[in-house]
Amino acid sequence: MNPQEEKVKIITEEFVENDEDADVGRQKTSRVQRRKRKKQLPTAGPDEMVSEKSHLGDQQEPGHEDPNADARPLSMPTRRGPRSLPPIPSASRTGFAEFSMRERMREKLQAARSKAESALLQEIPTPRPRRLRSPSEKELETEFGTEPGGKIQTTQQEDDSQSYSRVKFRDSVRKIKSKTPVPPGFPSAEEAYNFFTFNFDPEPEESEEKPKAKNRDGANQEEGEGEEEEAPVPEGIDKTDEEELLDDKDAVDFLLGLDRGAEDIVAVRPADYESVHIRLQKEKELLFIPSRRTVPTYKKLPENVQPRFLEDEGLYIGARLEVPRTNQNIMENRLLMQEPVSAQPLLPSGAPEQLREGRRWFGDDGRILALPNPIKPFPSRPLVLSQEQDIKAELETLYKKAVKYVHRSQHMIGSGDPPGNFQLDIDISGLIFTHHPCFSREHVLAAKLAQLYDQYLARRQRNKAKFLTDKLQALRNAVQMSLNPAKTPKSLDTTRRAINEYKSEIRQTRKLRDIEQEKDRTLLKTIIKVWKEMKSLREFQRFTNTPLKLVLRKEKVDQKADEEAYEAEVQAEISELLEEHREEYEQRMDEYRSAHQQWKAWKKAQRTKKKKKKQGVEEHPDDEMEEPYPGEDPVKPVPPEPTNQAVIEQEVRERAAQSRRRPGEPMLVPELSLAGSVTPNDQCPRVEVLRREDVKRRSVYLKVLFNDKEVSRTNSRPLGADFRVHFGQIFNLQIVNWPESLTLQVYETVGHSGTTLLAEVFLPIPETTVVTGRAPLEEVEFSSNQHVTLDHEGVGSGVPFSFEADGSNQLTLMTSGKVSNSVSWAIGENGIPLIPPLSQQNIGFRSALKRADAISSIGTSGLTDMKKLAKWAAESKLDPNDPNNAPLMQLILVATSGESYVPDFFRLEQLQQEFNFVSDEELNRSKRFRLLRLRSQEVPEFRNYKQIPVYDREIMEKVFQDYEKRLRDRNVIETKDHIDTHRAIVAKYLQQVRESVINRFLIAKHHFLLADLIVEEEVPNISILGLRLFKLAEQKRPLRPRRKGRKKVTAQNLSDGDIKLLVNIIRAYDIPVRKPITSKFQQPPRSSRTFSEKQAASPTTHSPTHSADYPLSQVLVRPFVEVSFQRTICHTTTADGPNPSWNEELELPFRAPNGNYSTTSLQSVKDDVFINIFDEVLYDVLEDDRERASGIHTRIERHWLGCVKIPFSTIYFQAKIDGTFKIDTPPVLLGYSKEQSVVAERGFDPVRSLSEGSYITLFITMEPQLVPGESVREKFDSQEDEKLLQATEKFQAECALKFPNRQCLTTVIDISGKTVFITRYLKPLNPPQELLNAYPNNPQATAELVARYVSLIPFLPDTVSFAGICDLWSTSDQFLDLLAGDEEEHAVLLCNYFLSLGKKAWLMMGNAIPEGPTAYVLTREQSHYLIWNPCSGHFYGQFDTFCPLKSVGCLIGPDNIWFNIQRHDSPLRINFDITKPKLWKSFFSRSLPYPGLSSVQPEELIYQRTDKAAAAELQDRIEKILKEKIMDWRPRHLTRWNRYCTSTLRHFLPLLERSQGEDVEDDHRAELLKQLGDYRFSGFPLHMPYSELKPLIEAVYSTGVHNIDVPNVEFALAVYIHPYPKNVLSVWIYVASLIRNR
Amino acid sequence: MAEVHVIGQILGATGFSESSLFCKWGIHTGAAWKLLSGVREGQTQVDTPQVGDMAYWSHPIDLHFATKGLQGWPRLHLQVWSQDSFGRCQLAGYGFCHVPSSPGTHQLDCPTWRPLGSWREQLARAFVGGGPQLLHGDAIYSGADRYRLHTAAGGTVHLELGLLLRHFDRYGVEC
């Protein structure tokens, strides 16, 4: 029990006593306060309660109010009560409600109401208990009494303040409560109550309860009220009690004289109540309840109308909705009754009208009109989803494990899931030869025997004869039975028919049985015969080869029974036959009779006719015509012969004897065993031993071909003496596609010689139901058509042989055999067969459910298949009358009748055509759309279109011209641009390769790594932080410049003009100098003396003639440099002397093609930077000497001295180019020489003078610096061994760790995009024989010639052809075919040539200028190493300072790779002895030996001789084009051609080719001088490999020959093409300008 | 010859029980439609919401269509995937919605669903991840009788699409 509660009680009781004498007037205020207090404190802590009480108690006045105060704590818990369940007693209380007392109480209540009202108004705010409990419950509740509940109630109270009755009851409760603690004070009410309850509720439980607790009355009362709220019905009953109680309360109130005012306001009223009877009465008045009785039909139909049943008349009526009969009746009644009422105001015309109105709802059959049942008979959602097969294919779900996301190059939605792996298991268990060339004769027989025996066994197992005999027996019995009328009480007719059927069947069966029996017997006979042959053969050859042995087991039979059975059988047959014959006879007789009758009639008619004819031949000559018409006279029928029993019997017996075992003859059961012994080898004749040995040497294996591709093969197994091979191998084929074919190839190996394909066995592709474990082993036969003749006992194959001694009766057998195998689908780990889905395969079984819906049943596609549809309609028993099915039925009708046109196409999107805005053609014609699409497809022509016009009309037609032309010409080889057809083809091919490669890498390029997308600053670690800190403390050293990295610019935010090419020309060495003119022809009159000559010479001598005489007085050269790039030209100032120093920076703008500065576009820029060195020559053109004093009139001419060509791509990838380059000077430079300079400077720089040629120091870079595109990171698939690939990775990683800057190459990508190990490219390859024949005795010269040949193949960097993708290595034959390639290809080819020449040669990977990372070739001569530049054909000694190769990364030989691990990498400072492991780290070593990799190069290179005529033609065309170009370049001047000079030059060019441009200068000059004495001549030959016309034009342009604008200048231009094998062309162009000396 | 520009973004997703979400999306059109430029399908990044439960992708969609008919109006189909702490991906919902047909900016909410599978599969999904997926993705946007499928509701994908129509009035389509 709750002690707190008790405490509270006690305290309150104390107060009650104290309050008695307290002031009454303050009561009101105290109440209000209390209420407020309650809101705050309610926690129901006892202490607070106490305090509250005490507080209240102070203010409370005594009188009757103290009971209230007392009751409050008790009522509080009750207030919290509502959460608990309502107590039961209320029900019991209704029991003792007293009806008789009602009146009296009401009166009292009325009287008390006015008083109570005034009193209660003040009490409105007090909490209102909803429900009360028995005291014990109350006390319990205090325990968990919570404030929120109380709060709610307090608020509720306010709301409810108007509800007087409640308040009133609450008040009453309080009063009762107040009374209960002092029971003796007011006994009357309680006693009355008890009295009444006792009297009227005699229940013992009640009687016990009631007296027990007084205050429970109040509780009950409250409950009553609570119930009142919920259920109004017992209200009245409750009221009685309350009235009674109020009575008591009134008394109290009255006694105490309290709260009169309140009572005036509040009126107590009973709840309105209507008794059930009254209500029913009222309802009856208001409501209409239709009767449930069946309405007679006549009421529902118009008068005198019989109900019509449409269904009986054949009309379609849908299934009616199932409605209970009573409901229908109610409805019908209602309709009949109600309709007139509602229609009354509308239709006053009278009852018949009303009735009609009512009948409108009824059909002709007198039933309510109803729509067909809309409810489908089956649930549209299957209850259980377990029927997997019900799920349609497109809704199939598959449980997928959560798997890590593998980054693939393509991740596309829709394309969905990668096709699963499917597996086909092929079990090859063995192979049996039924014939083999090595078969001896005995084997042939044995095979035959075995075959026959197999057949026998199979037949015996089936035992068809027995089965047929039994059947025959059964049929006979049946006939017997049916013939017995007693047992078959059927109609005679059916019996006869049945008998007839039986009989015909008997006949059939007998025939079949006879055949089977005969077969059995002949088989047995054959077996025995073969066995006998075999025995005789064995005897004859005196050895046995096969262990076969046939045993004939005789089974004794009971002779007598056997005979009886035999006889009975024969008899039965005879009787049957007889019967048949008799029937037949009768039939024939019938026929005969009818025929006879006919014949007779005819005869008769004939006779009469004849008579007639005789009479009227004359009158009717026409009749004669008729005469033959009746035609063939019916032959007089012959009566059939009756059957002869004896004959039949004879026949039957004969047949029986033939096909059946004779009675008494023992049953023969052959048994074949392998028990026989084979004669050992030593007892056999030699031929047989040979044969056996031959067999031993043979082995067999099978190849498994899937879709005509070999997927695996079995082990090779030796052929056994019994010609059986056991494999027992299972191949699991992981497949992706549905198999098309499955083939086994039988291969035979004889000894160590090659294998021969014996036969192909085609295996059937298994059904999808055949899964592993369920597939039976099947034997598939094969045979081969090979012809084999052997020189031993073996009979061979396809060769006739004979068993007879005389060779007659020849037999030809082909190799044949059987493969026992099984093919089945594997089962996945979850039991799903791994079968690829096949659309045709989806015809699974259909559930009955599907039958209801056509589409779900046969699928949408089925709808077009009329046959299917019709079949389905028939199956599902469609109601043809159902209007819903009408279109379907019509369709089916049309389709099945085949009368009307059924479209044989399937339209995917119906009504598309009809709703199209425009036709397809129009859509495709839209230029705007086309342009947009082409742009988004990144078609080169449109890739960089920035904006596309909004309207079609704004787009010019010519926009597409180029593109269309290109498309058109894709397959047409254009010879105009290329002149040479081969190169045109190659260019096309290259273009195609390029396109395909680009397409392949397109996706890969869009594949980003995290680092590409996210720039993440590295978190500084402690060491970096430390360094930074140190730097802070570092001393400032302003004079020490620090290098700052330039900012790199990404391509996208660039536009034209942003990028500049900076060329810093520093200095040049050994520029050729002008030669003093010695010839007398050249001895100029004053005008021809060069101005500079004079100037230069003046310090030393005043006369030019002097200078010529004086060798040391150097004629100077005034060189300047002109840089041209993209037709922009810049030049430096002029410097003096052969070793000028300019130190000038030139700035050239760069324009990307189409304004596209993307990486790919920049990479594919093919432009070159031309750095030309000119000599500036000043000519004095003053006509008159007299004017010399007053004016200077000179003309500046410039003479080309040489050039350096650097491809833009090199600059782009290198970011900067810095170094000294050799100037490419023409072999002949008329008027200039170098010797002098050598003489002059020998003393100063001996090293430089060693080399020939001029040099220039340059620094080239881009501003701003561009980010070169990165090569593709994609891993390429490879056919290399996985181990090897791992080793390469390891090797490269190790090398990169030690020397990150040195190039280390192990694998490269070939032209098809596969990774190939690099050494596979190196292999001795024959150079053209022509080159070898040139210098047969001089290996060095040959080598040089070969190098020259290689250098003549045009250079085309991969980066240009395969923009930004990667370095593709083509093999040498591809390279020669393409006639284009970069350093690697050249180097590989040169290295291969050198290897074939017997040199020691390596591919050298390193850095060179200007190429950057490149490939050179290193050869080892007797004592030294030579470094070859494959692209130029030059070679350098190891210690040549001018060798362009600056560092060496690794050496690659045909069988190994050596990485340079020396401290230095400059070729000058390293040791090329690769045998020293300390200097060179080799890839293949002892731990990883060279596996002997095969080469990817061809066996041999085949060279076609180049067509000389074609070369000559090309030569002419080039010359013509160049001349035109030069004329074009001089638009303002007249261009004259000096033919004489041209022809001279033309003669001279072949000489140059022969001598490779060396040592011809002097002769040449002499000759020229001789011929062109009057001219001042300046010109030079250019030499280039031929690839295209454009580079030639560019080269000629860059020399600037055309720039001479002397009025009387003449030009000479000669072209010579020297053809080398394989269409390698060496082009010489001699350009010259001539100025006539006056 | 009418043109439609669909420009907008896949904002994100809410209401998925999984946290790290990404979305594969694609646009499916009828035969009358021609894509002039833009990417038809794609995949968003994986977003792990830090605040709130909305995964933001803000994945741009920019397509330009030409059409010769109204049939096969473009519809977006979405697959929301979730990535668990092991980096494994599993399906969180399929969804589809038509591209709005009136010009202007549209806020789209695309509710998603995923196949429920058998109780075994549900159990497996709850414990080891993975889950049943449609074998044929086109069921997402095709009206094939899906009533055989038992699905569970996923969250909602929010899209913001702007539409520009051109020349529709020329063919009698008023918009």
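Start in chain A: select A:E1519 and A:K1523. In this predicted model, the two form a salt bridge, with their closest N and O atoms 3.5 Å apart. Both residues sit in helix 48, which covers residues 1508-1529 of chain A. They are 4 residues apart, about one turn of the helix. Is A:E1519 buried or exposed? A:E1519 counts as buried, because its relative accessibility is 5% and the cut-off for buried is under 20%.

A:R1546 counts as partly exposed, because its relative accessibility is 33%.

Next, select A:R507, A:R510, A:E576 and A:E580. What joins these four residues into one network? Salt bridges that share partners do.

Look at 567-598 on its own. This span is 100% helix and 0% strand. The C-alpha atoms at its ends lie 45 Å apart.

Move along to helix 22, which runs over residues 559-615 of chain A. Select A:K604, which lies in this helix. Is A:K604 buried or exposed? A:K604 counts as exposed, because its relative accessible area is 59% and exposed means over 50%.

Select A:D694 and A:R698 next. Here is another salt bridge, with the closest N and O atoms 3.2 Å apart. Check how covered each partner is. A:D694 counts as buried, because its relative accessibility is 6%. A:R698 counts as buried too, because its relative accessibility is 6%. Over all chains, the model has 36 salt bridges.

For a backbone stop, select A:D1070. Where does this residue lie? A:D1070 is in the loop between strand 17 (1060-1069) and strand 18 (1073-1074) of chain A. Its phi is positive, about 55°, although A:D1070 is not a glycine. A:D1070 counts as buried, because its relative accessibility is 6%.

Now switch to chain B. How many helices and strands does chain B have? There is 1 helix, and there are 10 strands. Follow the chain along its sequence and you will read β-β-β-β-β-β-β-β-α-β-β. Chain B has 175 residues, and 57% of them count as buried.

Finish at B:H167. This residue is found in the segment after strand 10 (151-166) of chain B. B:H167 counts as buried, because its relative accessibility is 17% and the cut-off is under 20%.

Key
Residues numbered from 1 in each chain as written. Chains lettered and ligands numbered in written order. Predicted model: local features only at pLDDT ≥ 70, side-chain atom pairs only at ≥ 80, totals over all residues. Heavy atoms only, no water. Helix = DSSP H or I, 4+ residues; strand = E, 2+ residues; numbered from the N terminus. Buried < 20%, exposed > 50% of the residue type's maximum accessible area, 1.4 Å probe, protein only. Salt bridge = Lys/Arg side-chain N within 4 Å of Asp/Glu carboxyl O.
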